[in-house]
Amino acid sequence: MDIIWEVVIVFHVNLIICSSAQPNPSKDHEGWWAYKEAVQGKFIPVPSFWGLVNSAWNLCSVGKKQSPVNVETSHMIFDPYLAPLRLNTGGHMVGGTMYNTGRHISMRLDKEHLVNISGGPMTYSHRLEEIRLHFGSEDGQGSEHLLNGQAFAGEAQLIHYNHELYPNYTEAAKSPNGLVVVSIFMKIAETSNSFLNRMLNRDTITRITYKNDAYFLEGLNVTDIYPETASFITYEGSLTVPPCYETSTWILMNKPIYMTKMQMHSMRLLSQNDPSVIFLSMSDNVRPAQSLNNRCIRTNINFNMLVRDCPNNRAQRLQYRVNEWLLK
Ligand SMILES: *[C@@H]1O[C@H](CO)[C@@H](O)[C@H](O)[C@H]1NC(C)=O
Ligand SMILES: *[C@@H]1O[C@H](CO)[C@@H](O)[C@H](O)[C@H]1NC(C)=O
Ligand SMILES: *[C@@H]1O[C@H](CO)[C@@H](O)[C@H](O)[C@H]1NC(C)=O
């Protein structure tokens, strides 16, 4: 343990010395993190080090409301005051640009038609800023959130900011009630969700093979990425990337969306690097689950209705009902 701390301190000191000698230190520093060890012999902070290498990222290690988390479905609390989610696309199709950021597949909508979400646990309306995909190198891993300890092949995160209180995403991300992230688990099946199919078909995905590649898509219907369910699970957490600000309300949809084996395969062929550097798959771009501490996980799934249905078999029915959609 002592040795680890010493190593961290040495790295920290080195970093300060090195970065002060570089032309654009703050910018380099902001991007100086990774999900996994990259090249031998070169230190780059993986999730357990994020909070230790940059004082502005303190929350990544000392925060008590961090994300992602493992959701134990038996500990969820039914909240009858959770309103239905309301997605507002204004009835418009949207255009968006897909990026390989080196860490995620990212989709940003053009500003012509704004997509807002409200209801659920939200007091304010929030505007969709970015859709981000996390995925694994194997089918049994890839989602950031876990359900009863189990990961999914991927997780689509729809990141929204509070446009009623804040002028833009950057301001909202560091402010109270700033963000709402809708999380949708991704599983492998014979057929694909139609929105995912637009992003992940070979013609599209092969245009963003390398870091900083971008590709514009038209005629997207944001409604299509949502699974057909009104049920969700919600809790208060953080960004899952540095600086780990604790400003995000998470909404996990209680049903997955599907992608094909081929689409999954294509995602794994995305590189974290630009073409001049050795290929390194973007897969496993996942922060490990963080402690829940004393946070409450709420849901609009009304278990009591099941209890009435089946008074003698409560525990089993609870598990069954939740697992029916997500764990099969
Ligand atoms: C989303 O909110 C903005 C206000 O920031 C508003 O101009 C826009 O019309 C809303 N879009 C929809 C589809 O409701
Ligand atoms: C988007 O999809 C939803 C659900 O499939 C549909 O009701 C809606 O009409 C579509 N929007 C547009 C603009 O086509
Ligand atoms: C966001 O809004 C703040 C405050 O108005 C402004 O200073 C900043 O430049 C804006 N950032 C972006 C990326 O637009």
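Colleague: Which residues are linked in a network of salt bridges?

Modeller: This is a predicted model, in which local features need pLDDT of at least 70, side-chain atom pairs count only at pLDDT 80 or more, and totals for chains, interfaces and linings use all residues. Side-chain values use heavy atoms, with hydrogens and water left out; residues are numbered from 1 along each chain as its sequence is written, and chains are lettered from A and ligands numbered from 1 in the order in which they are written. A salt bridge is a side-chain nitrogen of Lys or Arg within 4 Å of a carboxyl oxygen of Asp or Glu. The network of such bridges links R108, E129, E130 and R132.

Colleague: How many salt bridges does this rule give?

Modeller: Side chains of opposite charge can pair when their charged atoms come close. By the rule stated above, the count of salt bridges comes to 7.

Colleague: How many residues apart in sequence are the parts that R298 and D79 tie together?

Modeller: R298 and D79 form a salt bridge whose closest N and O atoms are 2.6 Å apart. R298 belongs to strand β15 (residues 298–299), and D79 to the loop between β2 (77–78) and β3 (85–88), so the parts tied together are separated in sequence by 219 residues. Helices (H or I, at least four residues) and strands (E, at least two) are DSSP runs, numbered from the N terminus. The separation asked for is thus 219 residues.

Colleague: Is D79 buried or exposed?

Modeller: Buried means under 20% relative accessible area, exposed over 50%, and partly exposed in between (1.4 Å probe, protein chains only). R298, at 25%, is partly exposed. The relative accessible area of D79 is 12%, so D79 is buried.

Colleague: In which helix does R268, the partner of D139, lie?

Modeller: D139 and R268 form a salt bridge, with closest N and O atoms 2.7 Å apart. D139 sits in the loop between β7 (126–135) and β8 (146–147), so the pair connects parts 129 residues apart in sequence, R268 being in helix α8.

Colleague: What is the relative accessible area of W50?

Modeller: W50 is found in helix α3 (residues 50–53). Residues up to four places away in sequence aside, W50 touches W33, A34, Y35, P45, W57, C60, T240, V241, P242, C244 and R287, where contact means heavy atoms within 4.5 Å. W50 counts as buried because its relative accessible area is 0%.

Colleague: Which residue has a side-chain atom 2.3 Å from an oxygen atom of ligand 2?

Modeller: The residues around ligand 2 (a heavy atom within 4 Å) are G91, M93, N221, T223 and D224. A polar contact is a pair of N or O atoms within 3.5 Å; within protein, one must be able to donate a hydrogen and the other to accept it, and residues adjacent in sequence count only if both atoms are side-chain atoms. D224 places a polar side-chain atom 3.4 Å from a ligand oxygen. The polar side-chain atom at 2.3 Å belongs to N221.

Colleague: What percentage of ligand 3 does the protein bury?

Modeller: P167, N168, T170 and E171 surround ligand 3. A polar side-chain atom of N168 lies 2.4 Å from an oxygen atom of this ligand. Accessible areas come from the Shrake-Rupley method with a 1.4 Å probe; for residues, only the protein chains shown count as cover. Ligand 3 taken alone exposes 360 Å², of which the protein buries 33%.
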